[in-house]
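Good morning, and thank you for the time. Please keep the display in view while I go through the packing of this chain.

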Amino acid sequence: MSKIVLTKADTLQGCVKINGAKNAALPILAATLLANEPCVIKSIPPLADIENMCEILKHAGYQVRRRNTTLSIQPKPLKNLKFPYELTNKLRASFLIAGPLLAKYKHLEISYPGGCAIGARPVDLHLKGFEALGAIISKQNGYIEIFTDKLTGNKIYLDFPSVGATENLIMAACLAEGQTVIENAAIEPEITDLANFLNSMGAEISGAGTDTIKISGVKDLSGADHRVIPDRIEAGTYMVAAAACHGHVTVSNVICEHLKPIIAKLRESGIEVIENYNSVTVNAAERFKPIDLKTLPYPGFPTDMQAQFSSYLSGIPGTSIVTETIFENRFMHLGELKRMGANIKTEGRTAVIEGAALTGAKVKATDLRAGAALVIAGLHADGETEISDCQYITRGYYQFYENLNQLGANIVRID
Ligand code: UD1
């Protein structure tokens, strides 16, 4: 269990460079299971979630080598198609191996991914889609067994534009016979990145980035070289940290288009955000206003930024209203913020935040983004904040404390 201690940062100043997106890298690593030849994936930081996904590829028998932020994945004779709880419980995205393995090897057994802190996170949409392609599913002793003689393209309508289900079904459909059409598909940038990678391996996918994705099955897929897109959530987190601390921070290696909802909400709150070619500069003078926000699928406001904004808004005078529509239990950080003096009332999925000056306290990270939110709270709270269970934070942010300290924060690890 790792811990940090931090004190108020009067300002944050300087430049921070964003890494490749964890949530783009994870499905792309799963997709390398489809390749008949080596793949080289660039711009992948060594985060715990990524390393856990690499362990899963190795368990299947593939060879994975890292050189700095480049991963080389080489197919080798298959060792395992059964993935135990000890491997899959470490990250929800482990379930993304189901689509590629089903497509290529026609069979797998994977420990049920289960719930997590932010909600139950079922995989029913993934499974319904696999069945529509011709898979048979059986659930026993905590495992889901998925097998087929042959996958055949079909029309699949997703009841909700699930990111993971869209990714899994694209990967399964790549080697299915005939055409698959996924309707009400997720349109997150990470989906487009996955489709671009698969197309460079020889897949035939069109419409990624829209709600109708068409996949014409091909016989096999070769290897490919790919650089993953920058992490829009990592970028957004530094932008909000800068906003909360009256900062002047340039966040580089970003795709501004992907940051639209974050930029819009910061501007609405009175923060100046300057968009450059591949960077954004946040200038946070004393013009903060409370705002309302509601999480929605892309291009709506991302649920992965809700906790960080809630933390920022807790310190802005006036009433802000935050509504979480994606995950049913994503307000756990609010209890911790209240320990720091935040004035927040929740009713169902809505939080009413009356801005108040925060004071440092002992708090606990309950998940990745909740942890980042507490770091932001500690940066604008008076006095000292101690955050425990910080292992969640380093699952998604590479050199987070080092980067913030370079900008002027004072964060000390007490591992
Ligand atoms: C991905 C992201 C996560 C982000 C989320 C929403 C990765 C590795 N993770 O998670 O950071 O917060 O998108 O933007 O990319 N649902 C079902 N049945 C299903 C699948 C999902 O009911 O079969 C529900 C979930 O419980 C949740 C909602 O749909 O309430 C959104 O989930 P989904 O879009 O699938 O998120 P993930 O892919 O798990």
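I count a contact when heavy atoms lie within 4.5 Å. The model is predicted, with local features needing pLDDT of at least 70 and side-chain atom pairs pLDDT 80 or more, whereas totals for chains, interfaces and linings use all residues. Residues are numbered from 1 along each chain as its sequence is written, and side-chain values use heavy atoms, leaving out hydrogens and water.

F130 belongs to the largest nonpolar core, which has 78 residues, and F130, I146 and L198 touch the most other members. By such a core I mean buried Ala, Val, Leu, Ile, Met, Phe, Trp, Tyr and Cys residues joined through side-chain atoms within 4.5 Å, buried being under 20% relative accessible area with a 1.4 Å probe, protein chains only. Helix α1, residues 22-31, gives this core its largest share, seven residues. Another core lies apart from it, with 69 residues, including L334, M340, A381 and L404.

Now the whole chain. Of its 415 residues, 57% are buried. Among contacts with a separation of 6 or more, 72% join residues 24 or more positions apart. The C-alpha atoms fill a box of roughly 60 × 45 × 40 Å along the principal axes.

Definitions and conventions:
Buried < 20%, exposed > 50% of the residue type's maximum accessible area, 1.4 Å probe, protein only. Helix = DSSP H or I, 4+ residues; strand = E, 2+ residues; numbered from the N terminus.
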